[in-house]
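Morning, everyone. I have one structure to go through today, and I will take it from the overall layout down to a few side chains. Please have a look at it first.

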Amino acid sequence: MRKRAGWIPILLAGAAAVAAGTGAYRLLARGGGGADVAPGADVRVISKGEPVNLRDYLVPGKYTLFDYYADWCPPCRELSPQLVELARRRPDLAVRKIDIVDWSHPVAAQQGVQDLPFLRLFGPDGAMIREGEATYGDLQRLFGFGSAPAP
């Protein structure tokens, strides 16, 4: 098991990333997600291109939002910090990020993702509420979330 250096280096890296114009998205993409990036936010990267069973990552009693993204996707980079902030403000929301890496990696086909960013929202009971573009409306209704990023 690898020992973690603590949250201060990750926070400093995040500040440097923001100053460099890359924001929290790049820090999350490197696996530094969670409360280390935004204290109080339940955000984790759960896959880097590998197949994943969403049921294994549902958080009982919370809404769980699966955010499919890639480093090279500009709308994904715009959306990511907004989702981190939403999760920070809403303790009843867990965000699980799935990096498809590129279209040749198995998770994209396994999950049926053809466009990015792509979202799937599950309720506190584990039932899927919505997926795709319509998920933004549910995020607005449930959490007061802004609008979808421009394509």
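Read along the sequence, the chain runs α-α-β-β-α-β-α-β-β-α. That is five helices and five strands. Keep in mind that this is a predicted model. The protein chain has 151 residues, and 47% of them are buried. If you take contacts between residues at least 6 apart in sequence, 67% join residues at least 24 apart.

In what order do the five strands sit? The order is 1-3-2-4-5, in an open sheet with mixed pairing. Strand 1, residues 42-48, and strand 5, residues 128-131, are the edges, and each of them pairs on one side only. On average, neighbouring strands are turned by 20 degrees against each other, ignoring direction. Strand 4, residues 118-122, pairs with strand 5 in the antiparallel sense, over three bridges.

Next, the helices. Helix 5 lies across strands 2, 3, 4 and 5, and runs at about 45 degrees to strand 4. Helix 3 covers residues 74-89, which is 16 residues. From first C-alpha to last, helix 3 reaches 24 Å, close to the expected 22 Å. Which residues of helix 3 are buried? They are Pro75, Cys76, Leu79, Ser80, Leu83, Val84, Leu86 and Ala87. For reading that list, recall that an α-helix has 3.6 residues a turn, so residues three or four places apart point the same way.

Last, the aromatic rings. The count comes to four aromatic pairs. One of them is Tyr63 with Phe143: the ring centres are 5.3 Å apart and the planes are at 90 degrees, so this pair is edge-to-face. Why does this pair tie together parts that are 80 residues apart in sequence? Because Tyr63 is in strand 2, residues 63-69, while Phe143 is in helix 5, residues 135-143. Are the two residues buried or exposed? Tyr63 has a relative accessible area of 19% and is buried; the cut-off is under 20%. Phe143 also counts as buried, at 5%.

One more ring to show you is that of Tyr69. The charged end of Lys97 sits over that ring, 4.5 Å from its centre.

That is what I have; questions, please.

Terms used
Residues numbered from 1 in each chain as written. Predicted model: local features only at pLDDT ≥ 70, side-chain atom pairs only at ≥ 80, totals over all residues. Heavy atoms only, no water. Helix = DSSP H or I, 4+ residues; strand = E, 2+ residues; numbered from the N terminus. Expected span 1.5 Å × (residues − 1). Buried < 20%, exposed > 50% of the residue type's maximum accessible area, 1.4 Å probe, protein only. Phe/Tyr/Trp six-rings, centres within 6.5 Å; stacked < 30°, edge-to-face > 60°. Lys NZ or Arg CZ within 6 Å of the ring centre and 35° of its normal. Pairing = 2+ DSSP bridges. Axes fitted to C-alpha atoms, helices over the stretch in contact; angles between N-to-C directions. Contact = heavy atoms within 4.5 Å.
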